[in-house]
Every structure is written in structure tokens, then in C-alpha cells.
Amino acid sequence: MATSDADDSLYPIAVLIDELRNEDVQLRLNSIKKLGTIALALGVERTRAELIPFLTDTIYDEDEVLLALAEQLGSFTPLVGGPEHVHCLLPPLESLATVEETVVRDKAVESLRIIADQHSQSDLENYFVPLVKRLAGGDWFTSRTSACGLFSVCYKRVSTNVKAELRQNFRNLCADDTPMVRRAAAGKLGEFAKVVESECLKSDLIQLFNLLAQDEQDSVRLLAVEASVSIASLLPSEDTEQLVMPTLRQAAEDKSWRVRYMVADKFTELQSAVGPEITKNDLVPAFQSLLKDCEAEVRAASAHKVKDFCQNLSPDVREQIIMTAMLPCVKDLVADANQHVKSALASVIMGLSPILGKDNTIEHLLPLFLTQLKDECPEVRLNIISNLDCVNEVIGIKQLSQSLLPAIVELAEDTKWRVRLAIIEYMPLLAGQLGVEFFDEKLNSLCMTWLVDHVYAIREAATLNLKKLVEKFGKEWAQQTVIPKVLQMSRDQNYLHRLTCLFCINLLAEPLGQELTTKLMLPTIITMGSDPVANVRFNVAKTLQKLAPQLDQSSIQTQVKPLLEKLKADSDMDVQYYASEALEVLK
């Protein structure tokens with residue numbers, strides 16, 4: 001019996017070993033994914049003594065198997081006996097952190113960062129820091145890139161001497177011969193800066209930042225820009241001006257457009273980090289330069305930041321800087337040759353209205369909005385339409401309707417259906433702002449025209465738009481303005497327009513209520529039950545089923561059920577099916 005128990009206890013590890021050696025990758029992968037279950041079956045002691053060493057010795061597999069293993073080990077602490085034994089997970093993860101495949105190394109580093117927090121201080125110095133040093137001094141660049149991500153998680157909890165060693169190791173990685181290692185170090189510099197002491201930040205890390213920001217590889221320089229945000233946020237204003245800004249000014253004029261793009265992309269974060277005084281003196285000229293950059297990608301990235309940058313300016317100088325420094329650049333971008341630049345600007349330019357106020361908006365921004373509303377690129381027009389409410393809040397509907405409404409009406413008939421769709425979606429909001437009289441005069445006919453558009457998505461959106469308008473303007477308005485035109489479509493020669501009539505009735509019944517639905521719309525539905533097109537007839541059946549709660553019992557008995565009985569005997573099977581279904585519901 002004892003022998004049988006021993007065999008049973010050995011069984012999970014035996015199965016694992018068999019499956020991990022199987023030629024089928026999927027079997028090996030499934031085995032790795034069941035590691036937690038196997039470890040539970042083995043118990044913590046045997047997991048530490050047998051399973052972990054076995055896994056450490058078998059790291060030569062397919063990348064997807066190694067990736068699954070690296071992920072599993074990050075949550076293995078309870079399965080090896082808790083934090084006091086967590087260091088036994090380091091050997092397999094150290095091996096995984098040196099493999100060639102980047103995603104496997106990254107996942108191993110992620111797991112190492114998780115378990116670093118679970119080490120006691122003594123275990124951190126005895127086990128984890130030596131691992132970091134071994135990786136940092138490895139022969140292959142793969143291990144040295146992995147090491148870069150581990151300094152910040154152990155630095156705070158080690159002794160002063162060990163901290164000095166870690167800083168020296170990080171310094172060596174920043175000056176490594178291999179660009180990939182320097183890139184990894186630059187990518188983690190900001191994170192490391194957040195955990196080192198302020199005196200070490202000034203004496204050591206600023207020097208490394210400047211070194212990386214002048215690297216011969218632009219992929220390293222652009223990551224140094226990212227680090228500058230963290231470093232600037234940690235330093236007092238005068239130190240930032242003296243130690244960081246000269247390098248940043250250089251980066252904004254870097255010969256590589258990718259570095260300048262990164263500066264543009266991080267610009268508002270930099271603005272928050274350096275504070276209002278440096279923004280006014282240094283960042284405003286740099287931002288102007290980026291908005292006029294010779295590369296479209298850089299101009300587009302900068303254009304995206306225009307609103308946020310202006311909004312975050314110090315209130316005492318905001319208007320003056322926008323009017324003198326930003327607006328001339330914005331005017332140039334409105335007429336930019338690149339559509340991505342214009343589109344980026346169009347997505348944020350309306351946000352300048354609340355910042356500049358009514359008079360400046362009317363005088364300086366409205367002409368730009370009009371230009372963009374007439375731009376040949378649909379994306380630009382779309383972005384302007386989507387943000388009209390920002391401007392309306394500032395200048396009021398009267399001014400908006402005089403200046404922008406003609407352009408909006410023009411766009412409502414745009415050849416690009418997505419532009420027409422954007423106008424439709426904005427219409428209920430615009431209607432509420434314009435008021436019923438103005439709407440009827442200027443826009444009502446447009447809303448009805450959309451119901452017969454050749455694109456289904458437009459017709460569908462137009463019916464939903466009608467429902468929202470009825471909810472906004474009321475039943476009486478609907479009775480006079482909308483319903484006659486909708487019911488007229490039931491006699492249209494095009495069966496698609498007759499279908500749209502049914503779809504409108506479906507949506508309008510709820511806001512109109514039982515009385516109007518029964519009185520005005522039910523007779524039309526009944527007439528359409530004899531339509532020559534089967535598609536229309538089965539939609540009549542579906543409509544009657546949906547409208548049943550909106551109809552009185554008398555109408556259901558005298559009009560609805562007789563028609564459904566007739567449709568149940570229709571020659572078309574779909575019509576029969578939907579009529580039967582509707583009758584079931586009405587029982």
C-alpha cells in the first residue's frame with residue numbers, strides 16, 4: 001500500500017516530464033499551463049526540490065512554451081512555501097530573462113519584478129541583487145537588456161553600499177557597446193530616477209540622461225526624451241532649467257524626426273513637469289518650432305497637443321501667448337498640405353473657443369472653422385462637426401447659425417456618407433439649440449431627405465434622428481410636420497422607401513403614444529399588408545407584433561388579427577412565419 005502511495009505521489013511529475021518532452025508543442029504548452037495544479041499535487045517541499053530544478057534544466061523550448069512558463073512563475077510564490085522561499089524561483093526566471101525572444105524576456109522580467117516585492121530585505125541582497133548583477137554583466141546583450149528593468153524594484157530596499165553598486169551597474173549599461181542595451185537603459189531611466197535619492201539624481205542620473213540624449217542612435221535619444229518627463233518632475237524648477245532644459249531644447253531640434261516626434265508626443269506631460277515659468281520661456285518657442293516642423297508626422301503630433309498646451313498655460317499669460325505665439329501657427333496648419341496634420345488639428349481646434357472667449361472666437365477662430373468645414377478631406381470636416389458644441393457654448397446659437405450653418409447644410413449633402421452620418425448624429429443637439437421655428441425653416445427638409453438616402457446606414461440613422469426630434473419638439477409638432485411626410489413614403493414606388501416608412505413607424509409609436517399611433521399610423525400599416533413585395537409584407541407583420549402594446553384591444557381584434565390571419569396564409573414562407581409569430585404574441 002505504501003509503495004502505491006509513493007507511486008501516486010510521483011505520478012504528476014512523471015506525467016509532466018513526459019508531456020514536456022513530447023514532440024507536440026501543444027501538449028508541452030498545456031503541461032506548462034497546468035503547472036500550478038501539479039505544484040499543488042506535489043506540495044511545497046517537492047515543488048522546491050524537484051519541480052523548480054527540473055524546469056530550470058529544461059529551458060530550451062519553443063517560444064510560446066517559454067512565454068507561458070515565464071508568466072506562470074510570477075504567481076508561484078504560494079506554491080513554493082511563501083515569501084521565505086520565493087528566491088528558489090529566481091534560477092528559472094534568470095534563464096528565461098536571457099533567451100533570444102524579446103516577449104519571453106519581457107515576461108520573465110515582469111515576473112521577476114512581481115516576486116522582487118515578496119523578498120525580505122536580506123533575501124533581496126543575498127539572492128535578487130546578485131541575479132541583477134549577473135544579468136547586467138552577462139556576455140549576451142539579451143541578459144543585459146533584461147537587467148535594466150530590475151534596478152528600480154530592488155534599489156529602495158537595499159543598504160547604501162549595495163545602492164552604490166547598483167548605480168554603477170546601471171551606469172555601465174547606459175554606456176554599453178550594444179545599442180539595444182543602451183535603449184533598454186534609456187527606457188528605464190525615468191523609472192529608476194523615481195527611486196534614487198535626490199542628491200544621486202543630480203550627481204549620477206542627470207549625467208546619464210545627458211549621455212543617452214546625445215547617443216548616436218536616434219532610438220536611444222527618443223527614449224531619453226521620455227525619461228526627461230520623470231526627471232523634470234522630480235527636480236526643483238531652477239535645477240530643471242539648468243540641468244534638463246538645455247538637453248530638451250536640443251531634442252526639440254534633433255536631426256532625427258523620430259526624436260522630435262517624441263518631444264511633440266510628450267509635450268503636455270513635459271509642460272506639467274517643468275512648471276509655468278519654464279513653459280513660458282522655453283516650451284512656447286519649442287512648441288512653435290514643432291508646429292512648423294518640416295516632417296508631417298511631427299506637425300500632426302504637435303497639432304494634437306494644441307488645445308491641452310493652451311489650456312495648461314498660466315492664466316495670467318494664457319491669452320497673450322495664444323494670440324501672439326500659437327494662433328499664427330494654427331492658421332498655417334489649417335492650410336497644411338498634409339491631411340493627417342489638418343485632421344489632427346480639427347479634432348482639437350474647437351477646444352480653443354472656451355479658452356479664448358466669445359470675441360476672440362468670432363474674430364479669429366470662426367474663419368478657421370469655416371475653412372476646415374469646407375476642407376476636401378472628409379476626416380477634417382468630420383472632426384469639426386463632432387466638436388461644434390464647444391463653440392456653441394461660447395458664441396451662442398445665433399452667431400453659430402449665421403456663420404457655420406450654411407456650411408453644415410452643405411455637408412448634409414456631402415458625397416461621403418460618413419460625413420452625412422456625423423451631421424445626422426449631431427442634428428438632435430443642434431435642433432435643441434436652434435429651437436423649433438429655426439429648425440423647421442432651415443433643417444427639417446434635410447432630415448426628411450435623409451430618409452430616402454441610397455445608403456442604408458444613413459436611412460437607419462435618419463429614422464432614429466426623427467424619434468429624437470419628436471421627443472424634443474413634442475407630439476403636436478410631429479403630427480403637423482413629420483407624420484404626413486413619413487406616411488406619404490408608404491406609397492413610394494421604391495420598396496426600400498416603403499420599408500423606411502415602416503421603420504419610422506416602429507420608432508415613432510412610443511413617443512407618439514397609443515391614441516396617435518392607432519389613429520394616424522395603423523391604417524397605413526394595414527394598407528401596406530397588401531404590398532406586392534414580400535419583404536414589405538413580413539415587415540408589416542413584425543411591425544404589428546412590436547406595436548401591439550401601443551394599440552387598443554378593439555383595434556387589435558378588428559384590424560390587426562384579421563390582417564395577420566391573412567398574412568399567415570401568404571404565398572411567401574417568411575411572411576407566413578412572421579405573421580404566425582405575431583399572432584402567438586397577441587394571444
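This briefing covers a helix, a pocket and a loop residue. The model is predicted, so that local features need pLDDT of at least 70 and side-chain atom pairs count only at pLDDT 80 or more, while totals for chains, interfaces and linings use all residues. Residues are numbered from 1 along each chain as its sequence is written, and side-chain values use heavy atoms, with hydrogens and water left out.

**Helix H13**
- Helix H13, residues 198-213, is a DSSP run (H or I, at least four residues) numbered from the N terminus.
- H13 bends by about 40° at Leu205, the bend being the angle between axes fitted to the seven residues ending there and the seven starting there.
- Among the buried residues of H13 are Cys200, Leu205 and Phe209, where buried means under 20% relative accessible area, exposed over 50% and partly exposed in between, with a 1.4 Å probe and protein chains only.

**Largest pocket**
- The largest pocket holds about 300 Å³ of space, and of its 15 lining residues the closest to its centre are Asp106, Thr145, Ser146, Ala184 and Lys188.
- H7 gives the most to this lining, with six residues.

**Val533**
- Val533 is found in the loop between helix H34 (495-528) and helix H35 (534-547), and is partly exposed, with a relative accessible area of 24%.
- Leaving aside neighbours within four places in sequence, Val533 is in contact with Tyr495 and Arg498, contact meaning heavy atoms within 4.5 Å.
- The C-alpha atoms of Val533 and Arg498 are separated by 9.9 Å, the two residues being 35 residues apart along the chain.

Note on methods
Helix = DSSP H or I, 4+ residues; strand = E, 2+ residues; numbered from the N terminus. 1 Å grid on protein atoms, 1.4 Å probe; cavity = no way out; pocket = protein on both sides within 12 Å on 5 of 7 lines; lining within 4 Å. Points joined across faces, edges and corners; volume = space filled by probe spheres on them.
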